[in-house]
Amino acid sequence: MSHGWTREQMAARAAHDIPDGAYVNLGIGIPELVTQFVPEGREFIYHTENGMLGMGPPPTEDERDLDLMNAGKKYVTELPGAVYFHHADSFSMIRGGHIDVCVLGTMQVAENGDIANWSTGAPDAIPAVGGAMDLVQGVEKIYVITQHTTKTGEPKLVGRCSYPLTGAGVVSRIFTDLAVVDVTPDGFQVVELAPGVDFDEVQQKTGAPIRPPA
Amino acid sequence: MINKQCPSVAEAVADIPDGATVMVGGFGASGSPVELLHALIDHGARDLTVINNNTGNGEVGLAALIGNGQVRKMICSFPRSSQSKVFPELYRAGRIELEVVPQGTLAERIRAAGAGIPAFYTPTAVGTVLAEGKESREFDGREYLMERWLKADFALIKCETADPLGNLTFNKTGRNFSPLMCMAATTTIVQATHLVARGNINPEHIVTPGIFVDRVVEVPDPVHEDILIAEGRRYA
């Protein structure tokens, strides 16, 4: 019997909650898999911070243009209808509230919607924020895809983030390997449990109070 | 007749003095003005403050300028790179300063400088360590931080096509910060892959109007950082 969701299933579950016609910005890592699971009959238009709407999949060797990269500095392609623009326009789309959904990975999410995904705050860490702080403040729906716990079993859904914040009170919904969890004014609320997962396990692996599915 | 054409990259950067603030276009390797950066290494100006989204790749272009000890301070949003150890090693050794700016704030600070706007308010970074020491103000019930414009003495820019008036087009995501930096620098120096006669760029297709550009030097078949790195090249 299966237990929980794989990375691909987490991405598919997140894609399920993105409406047709949405302008979507995807973070690096599991969020990138969302493009593979667009539900039948829907179209998402992908935004990349470095100045493009209508981003397509990685190129073949022949298709590759050395100037055409995504925000993760990977080579990409343009889809029909794609458009390029400079950085101030790109971040006006983000900060002006024009991007509908942003899907991010994270180190921690707190029960009040705080997110920490840019720095461990370690003394020798080189701080590198990129566009994360702009995205979490400017995009209306901030979705997070993450394993429910760290590799060593520590909760990633916590009462208060111990790492430096990317933004305060900004996360809407979290897709983990165990459950879909909403951030509500009353804290974490399980929306859906993954196959083979019971609520007690989710509660035990969450670092803050969490309410069972209604 | 106005003609902003400059005969060589060496002459184009020859008056950049020690201590200058220099904006460098490009996002990672995309749109990076590698030939102008290498000319600046040859020129040797030191004690520079450099503004770019990143800190360069491998040991070429911006990374080579940093590695050559010419940069006192970097202002950027993402100083880490999977392809370069140059900046991290100098930073950890305390030999280079760093100002980290959220990417959208960096873009808007540059745009504001070009537009003559000394400061603006943004919600980006509210509630984070990057808000420390910044003035904040509430508008319509939400907290915003005040951010200052960001100007430069020089901008080094790569474009696809230019004319002698400095009208520019770019290639795909190679555009990124470059049009903003053209506006924000006192002297904007552009390397163009193609230099065409006046009137040969459709006015509707021009991205950066020549009023924002001071010098254009043609660099046909420009090198690309990713190719140089794949070939194991370094510039010193």
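## A buried isoleucine in chain B

In this predicted model, B:Ile16 has a relative accessible area of 3%. Because buried residues are those under 20% relative accessible area, B:Ile16 counts as buried. The residue belongs to the loop that joins α1 (9–12) to β1 (21–24) of chain B.

Leaving aside residues up to four places away in sequence, B:Ile16 touches B:Val22, B:Leu40, B:His43, B:Ala45, B:Leu48, B:Phe154, B:Leu156 and B:Ile189.

## The interface between chains B and A

The contact between the two chains involves 49 residues of chain B and 36 residues of chain A. Together, the chains bury about 3400 Å², and carbon and sulfur atoms account for 61% of that area. On the chain B side, B:Phe27, B:Lys172 and B:Thr173 supply 19% of the area buried against chain A, more than any other three residues.

The size of an interface is often expressed as the accessible area lost when the parts come together.

## Overall form of chain A

Chain A contains four helices and 13 strands. Its radius of gyration is 17 Å, close to the 17 Å given by the globule rule for 214 residues, so chain A is as compact as a globular protein of that length. The C-alpha trace of chain A spans about 50 × 45 × 30 Å along its principal axes.

Of the 214 residues in chain A, 55% are buried. When contacts in chain A between residues at least 6 apart in sequence are considered, 61% of them join residues at least 24 apart.

## Helix α1 of chain A

Helix α1 of chain A covers residues 7–16, and its buried residues are A:Met10, A:Ala11, A:Arg13, A:Ala14 and A:Ala15. These buried residues pack against four strands of chain A, namely β8 (141–145), β10 (173–175), β11 (179–184) and β12 (187–193).

## Surface and charge of chain A

Chain A exposes about 9200 Å², of which carbon and sulfur atoms supply 50%. In the area buried between chain B and chain A, by comparison, the share on carbon and sulfur atoms is 61%.

The charged side chains of chain A comprise 14 positive and 28 negative ones. The centres of these two sets lie 5 Å apart.

Technical notes:
Residues numbered from 1 in each chain as written. Chains lettered and ligands numbered in written order. Predicted model: local features only at pLDDT ≥ 70, side-chain atom pairs only at ≥ 80, totals over all residues. Heavy atoms only, no water. Buried < 20%, exposed > 50% of the residue type's maximum accessible area, 1.4 Å probe, protein only. Helix = DSSP H or I, 4+ residues; strand = E, 2+ residues; numbered from the N terminus. Contact = heavy atoms within 4.5 Å. Rg over C-alpha atoms; globule rule 2.2 N^0.38 Å. Areas by Shrake-Rupley, 256 points an atom, 1.4 Å probe, with all protein chains shown as cover. Lys, Arg positive; Asp, Glu negative; His and termini not counted. Charge placed at Lys NZ, Arg CZ, Asp CG, Glu CD. Buried area = accessible area lost by both parts, 1.4 Å probe.
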